[in-house]
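Reader: I am new to this structure. Please show me how to read it.

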Amino acid sequence: MTKIRITVMRIAKYDDLIEKYENPIDLPCSIEREGQVFISENCEKPDGLCDSAWETMLPFVQALAQGQTRLFDNWMKNERAVMLSCNDGLRPVSFYIEAIDCREADK
């Protein structure tokens, strides 16, 4: 099964929506920074990746790991990749998810 690289591309935060709708919480997101990289092997959730984000991306990780391509009808330039956001409407994080060669994963 192909390894999958998950790269944090953008972290957004909507303070006005947070103030209006959210109860205070201690740790809303475990993603630390843009550029952070996670590697999924055997479709397992990488350590440190948010559970909610993982639930959103898991079907795409599974498909790419099994060799599927063009998941969005050839929308992406890299046919072995997708761009997704987690389902947090207050602090959405965008991820670039790509199937990689095992040698690339070791870099």
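Author: We go from the whole chain to a single residue. This is a predicted model, where local features need pLDDT of at least 70, side-chain atom pairs count only at pLDDT 80 or more, and totals for chains, interfaces and linings use all residues. Residues are numbered from 1 along each chain as its sequence is written, and side-chain values use heavy atoms, with hydrogens and water left out.

Reader: Which elements does the protein have, and in what order do they run?

Author: Helices (H or I, at least four residues) and strands (E, at least two) are DSSP runs, numbered from the N terminus. Here there are three helices and four strands. From the N terminus on, they run β-α-β-α-β-β-α.

Reader: What share of the residues is buried?

Author: Buried means under 20% relative accessible area, exposed over 50%, and partly exposed in between, with a 1.4 Å probe and protein chains only. Of the 107 residues in the protein, 37% are buried.

Reader: How do I read contacts?

Author: Contact means heavy atoms within 4.5 Å. Take the contacts between residues at least 6 apart in sequence: 60% of them join residues at least 24 apart.

Reader: Now one residue. Where is Glu98?

Author: Glu98 sits in strand S4, residues 93-100.

Reader: Why does Glu98 count as buried?

Author: Because its relative accessibility is 13%.

Reader: Which residues is Glu98 in contact with, leaving aside its neighbours within four places in sequence?

Author: Glu98 is in contact with Lys3, Ile4, Arg5, Thr7, Asn78, Arg80 and Ala81.
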